[in-house]
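Look at the sequence and the model before reading on.

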Amino acid sequence: DHKLMRLENKGKLAWLTFTRENQLNAMNNAGVDQINRIASTVRDDPNVRVVIIRGAGRAFCTGIDLKELAADRIEMDYHHRWEQALRLFETMEKLVIVGMHGYCLGGALQLALAADIRVSTAECQIGLPAIKESLIPGLATMRLPRYIGWGRAKKMILGGQNIDGREALRIGLVDHIVFEENFFSHLDEIAGNYLAACSVGTRLSKLVTNQAFDMDYETLLKYYFDLQQRAQF
């Protein structure tokens, strides 16, 4: 359904573009189903090395669809399926780059935190407003402290206030700042730089780094040796 999002491939690059422009790319039930299907497709495509996730129109994404939420159409199953999609991007042997412009709120930031590289405009409004709907902002509760520290993460999660792209860069929440004008072109240029370095070693380095806070030394050492064997031989 191209009204929600579309997947395009060219060589080793894939673009996932949210296309609910009139709703600022808010994520409804159908969108959660589709992003799972697309994530599985990308994961299983041997040709793709770098995935760019971006939003058409005035915003990257404003997270959960508040109209569906208000109409009691968001069940627990929505949250299960959403976390499943995020985990697919987080664990796939591809580099996942997210482009953040306009607004990157709630589930959109959760998605960005499950990706590898975040590219933002200076003005982008970034935040986790879930508490305003009496919700928990997913596993941003786990991922955000790992990027910006416990104190700053609690300030964003418990306060529900937005920060802009400049502040996000300063605290380590985003990795690149680009101009709003021709945003997709800037995003492609950054993705091209990562693609140029995207060897098997790069993709396996993602997997090892993902475990940095979870595995004890001996377990991580063995995991590293196993992946190094794959990378080198």
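Predicted model: local features only at pLDDT ≥ 70, side-chain atom pairs only at ≥ 80, totals over all residues.

| Helix | Residues | Number of residues | Expected span | End-to-end C-alpha distance |
|---|---|---|---|---|
| H8 | 183-196 | 14 residues | 20 Å | 20 Å |

Buried residues of H3 include Tyr78, Trp82, Leu86 and Phe89, along with Arg81, Glu83 and Glu90. In H8 the buried residues are Phe183, Leu187, Ile190 and Ala191. These cover an arc of only 100° around the axis, so they sit on the same side of H8. Glu189, Asn193 and Ala196 are exposed on the face of H8 turned away from that buried side.

The largest nonpolar core holds 50 residues, and Phe18, Ile53, Phe60, Ile126 and Leu173 touch the most other members. Among the elements giving two or more residues to this core are strands E2, E3 and E4 and helices H1, H3 and H4. Another core, of 14 residues, lies apart from it and includes Trp15, Ile52, Val178 and Cys198.

The count of cavities of 30 Å³ or more comes to one. The largest cavity has a volume of about 30 Å³. Its lining includes Leu4, Met5, Phe18, Arg20 and Asn25. By class, this lining has five nonpolar, three polar and one charged residues.

Notes: Residues numbered from 1 in each chain as written. Heavy atoms only, no water. Buried < 20%, exposed > 50% of the residue type's maximum accessible area, 1.4 Å probe, protein only. Helix = DSSP H or I, 4+ residues; strand = E, 2+ residues; numbered from the N terminus. Core = buried A, V, L, I, M, F, W, Y, C linked by side-chain atoms within 4.5 Å. 1 Å grid on protein atoms, 1.4 Å probe; cavity = no way out; pocket = protein on both sides within 12 Å on 5 of 7 lines; lining within 4 Å. Points joined across faces, edges and corners; volume = space filled by probe spheres on them. Nonpolar A, V, L, I, M, F, W, Y, C, P; charged D, E, K, R; others polar. Expected span 1.5 Å × (residues − 1). Arc of directions from axis to C-beta.
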